[in-house]
Amino acid sequence: MSITAEKSKMINGYKHILYESASLSEEELLKASHQFFEHLNKRRSIREFSDQEVSKEVIENIIRSASTAPSGAHKQPWTFCAISNSELKSKIREAAEVEEQENYSGRMSESWLRDLAPLGTTMEKPFLEEAPWLIVVFKKVYELDEIGAKHNNYYVNESVGIACGMLITAIHNAGLVTLTHTPSPMNFLTKVLGRPSNERPYLLMPVGYANEPAYVPDIERKGLDEISRFYE
Ligand code: IYR
């Protein structure tokens, strides 16, 4: 970067400001990237939650972190609903288990059930009541303005998927745990949480401390050679 770079410039009549990069040395880069991998590699999906409380401020910071995700045309097409209210959590558990009962006893194929067996998932979802918080992520398929007119959002699934990845990372970074729960269909969440017609439920995540003890399946992640190809 030139030392004489202007602090800002105009593009299409819009102001663009100078980006200040962290700019690490080669050695620092190697260390930082490796440490971050080691940290993320400790993340596990947890099904056994402690009922220990987590403050609202922590959840707010986690949601703010997720909302730093890039999104199509910067529309940020998401709403994060954070629920600590016990009655609502019970309602959500009840409705999720109704759907999951259908899934586990017929809607899911034999091979799907076989693939899930090592993970120990069942139709019972006690974590939906035990975790101090549930975060339900809604995608906004379009925006509604004050007069009720629809405005398009772009790459909504990609955008919200990325934001959920960052949400999971923020939860892990705070020393908390979560689980990407996918009750299907999950329209019941729209109703229970009274969301508007432009929002669709995307993912349901209990958030809290892991129970002590908590057990996780003894499974390995794929190695770099299985998940990547380099073209140099
Ligand atoms: N929705 C079911 C089944 C399930 C699906 C996936 I993809 C998982 O990684 C785990 C479970 C459930 O949440 O139990």
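His74 sits in the loop between α2 and β3. A word on those labels. Helices are DSSP runs of H or I with at least four residues, strands are runs of E with at least two, and both are numbered from the N terminus. His74 has a positive phi of about 50°, although it is not a glycine. Most residues other than glycine have a negative phi. Is His74 buried or exposed? His74 counts as exposed, because its relative accessibility is 58%. Here are the cut-offs: buried means under 20% relative accessible area, exposed means over 50%, and partly exposed is in between, with a 1.4 Å probe and protein chains only.

Before I go on, the ground rules. This is a predicted model, where local features need pLDDT of at least 70, side-chain atom pairs count only at pLDDT 80 or more, and totals for chains, interfaces and linings use all residues. Residues are numbered from 1 along each chain as its sequence is written, and side-chain values use heavy atoms, with hydrogens and water left out.

Back to phi. Ser23 also has a positive value, near 50°, and Ser23 is not a glycine. Find Ser23 in the loop between β2 (14-17) and α1. Ser23 counts as exposed because its relative accessibility is 62%.

Next, peptide bonds. Most peptide bonds are trans. Which bond ends at Pro185, and what is its form? The bond from Ser184 to Pro185 is cis, with omega near -5°. Pro185 lies in the loop between β7 and α7 (188-192). Now look further along the chain. Glu212 and Pro213 are joined by a cis peptide bond too, with omega about 5°. Pro213 is in the loop between β8 and α8 (224-227).

Now the whole chain. The protein chain has 8 helices and 8 strands. Its C-alpha trace spans about 65 × 50 × 40 Å along the principal axes. Of the 232 residues in the protein chain, 33% are buried.

On to the sheet. In what order do the 4 strands of the open sheet run? The order is β3-β4-β8-β7, and the pairing is antiparallel. The edge strands are β3 (78-83) and β7 (177-178), as each pairs on one side only. Two strands pair if DSSP finds at least two bridges between them. Take β7 and β8 (residues 199-208): they pair in the antiparallel sense over 2 bridges. Within that pairing, Val177 stands opposite Gly208 in β8.

Now a contact across the sequence. Ile46 is in the loop between α1 (26-40) and α2 (56-66). Ile46 counts as buried because its relative accessibility is 8%. How far apart are Ile46 and Thr180 in space? They are 9.2 Å apart, C-alpha to C-alpha, yet 134 residues apart in sequence.

Salt bridges next. The rule: a side-chain nitrogen of Lys or Arg lies within 4 Å of a carboxyl oxygen of Asp or Glu. By this rule the count is 6. Start with Arg93 and Glu97, whose side chains meet at 2.9 Å, N to O. Both residues are buried. They are 4 residues apart in helix α3 (residues 86-107), so about one helical turn separates them.

Arg93 also forms a salt bridge with Glu129, with the closest N and O atoms 2.7 Å apart. Arg93 lies in helix α3 and Glu129 in helix α5, so this pair ties together parts that are 36 residues apart in sequence. Glu129 is partly exposed, because its relative accessible area is 33%. Put together, Arg93, Glu97 and Glu129 are linked in a network of salt bridges.

One more salt bridge. The side chains of Arg107 and Glu99 meet at 2.7 Å, N to O. Arg107 counts as partly exposed, at 42% relative accessibility. Glu99 counts as buried, at 18%.

Last stop, the surface. Which residues form a negative patch? They are Glu48, Asp51, Glu53 and Glu130. Patches take residues with over 30% relative accessible area and no salt bridge; like charges are joined within 9 Å, and nonpolar side chains (Val, Leu, Ile, Met, Phe, Trp, Tyr) within 5 Å. Accessible areas come from the Shrake-Rupley method with a 1.4 Å probe, and for residues only the protein chains shown count as cover. Lys and Arg count as positive, Asp and Glu as negative; His and the chain ends are not counted. The place of a charge is NZ of Lys, CZ of Arg, CG of Asp or CD of Glu. Glu130 counts as partly exposed because its relative accessibility is 36%.
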